[in-house]
Amino acid sequence: MVRWTVIGRWTPEKYPDIGRRFVVFAKGQAPPEVLAASQKIKDIVWEFPSYYGQPLSVWVGEGEEADLSTFLRYWMDLMTFEIYPSVPLETMKKLLPP
């Protein structure tokens, strides 16, 4: 299991398509493999600066790389992604010298 930070970006022209696809996903009508992958991923936080006009989202989650890949492929025709393995602050504090 790995934790990651994903920054998804899109152009303003793609926003209507992203909105429609999100509704399809939220209604459970996405492809079965995408829905199954999303159920296995633990969402830590998902922020939407896009509500305030920024064409991006920031997502921190935990799971298997294969599930992340399956989930993100569903969006790759509409968005570009930056994917960073990440470590929680609590873990970093434990790694610091006393």
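Reader: Which element gives the most to the lining of the largest pocket?

Author: Helix α1 does, with four residues. Helices (H or I, at least four residues) and strands (E, at least two) are DSSP runs, numbered from the N terminus. The model is a predicted one, in which local features need pLDDT of at least 70 and side-chain atom pairs count only at pLDDT 80 or more, while totals for chains, interfaces and linings use all residues. Residues are numbered from 1 along each chain as its sequence is written, and side-chain values use heavy atoms, with hydrogens and water left out.

Reader: What makes a residue part of the lining of a pocket?

Author: An atom within 4 Å of a point of the pocket. The points sit on a 1 Å grid over the protein atoms alone; a pocket is an open set of them with protein on both sides within 12 Å along at least five of seven lines, whereas a cavity is a set where a 1.4 Å probe fits but cannot get out. In the largest pocket 16 residues line the space, and W10, I18, F22, F48 and S57 lie nearest its centre. Two or more lining residues come from each of α1 (15-26), β3 (56-63) and α3 (65-73).

Reader: What is the volume of the largest pocket?

Author: About 280 Å³. That is the space filled by probe spheres set on the grid points, which are joined across faces, edges and corners.

Reader: How do the residues of that lining divide into nonpolar, polar and charged?

Author: There are 13 nonpolar residues, three polar and no charged. Ala, Val, Leu, Ile, Met, Phe, Trp, Tyr, Cys and Pro count as nonpolar, Asp, Glu, Lys and Arg as charged, and the others, Gly among them, as polar.

Reader: How do you know that the span of α1 agrees with its number of residues?

Author: The expected span is 1.5 Å times one less than the number of residues. For the twelve residues of α1 that should give 16 Å, and the end C-alpha atoms are 16 Å apart, so the two agree. After α1 comes G28, with a positive phi near 80°.

Reader: Why is A26 called exposed?

Author: Exposed means over 50% relative accessible area, buried under 20%, and partly exposed in between (1.4 Å probe, protein chains only). A26 has a relative accessible area of 56%, so it counts as exposed. A26 is in helix α1, and its C-alpha is 26 Å from that of P85, which is 59 residues away in sequence.

Reader: Which residues of α3 are buried?

Author: D67, L68, T70, F71 and L72. Their cover includes β1 (2-9), α1, α2 (32-40), β2 (42-47), β3 and β4 (80-85).

Reader: Why is L72 called buried?

Author: L72 has 2% relative accessibility, so it falls under the cut-off for buried. Leaving aside neighbours within four places in sequence, L72 is in contact (heavy atoms within 4.5 Å) with V6, W59, F81 and I83. L72 and A37 are 35 residues apart in sequence, with 9.8 Å between their C-alpha atoms.

Reader: Why does D67 count as buried?

Author: The relative accessibility of D67 is 12%, and therefore D67 counts as buried. Outside four places in sequence, D67 is in contact with A37, K40 and I41.

Reader: What puts T70 in the buried class?

Author: A relative accessibility of 16%, which is under the cut-off, so T70 is buried. Not counting residues up to four places away in sequence, T70 touches E33, V34 and A37.

Reader: What is the make-up of the protein chain, from the N terminus on?

Author: The elements run β-α-α-β-β-α-β-α, with four helices and four strands. The C-alpha trace spans about 50 × 30 × 20 Å along its principal axes. Of the 98 residues, 33% are buried.

Reader: What share of the contacts with a separation of 6 or more joins residues 24 or more positions apart?

Author: Such residues account for 71% of those contacts in the protein chain.

Reader: How much of the accessible surface belongs to carbon and sulfur atoms?

Author: 61% of about 6,700 Å². The areas come from the Shrake-Rupley method with a 1.4 Å probe; for residues, only the protein chains shown count as cover.
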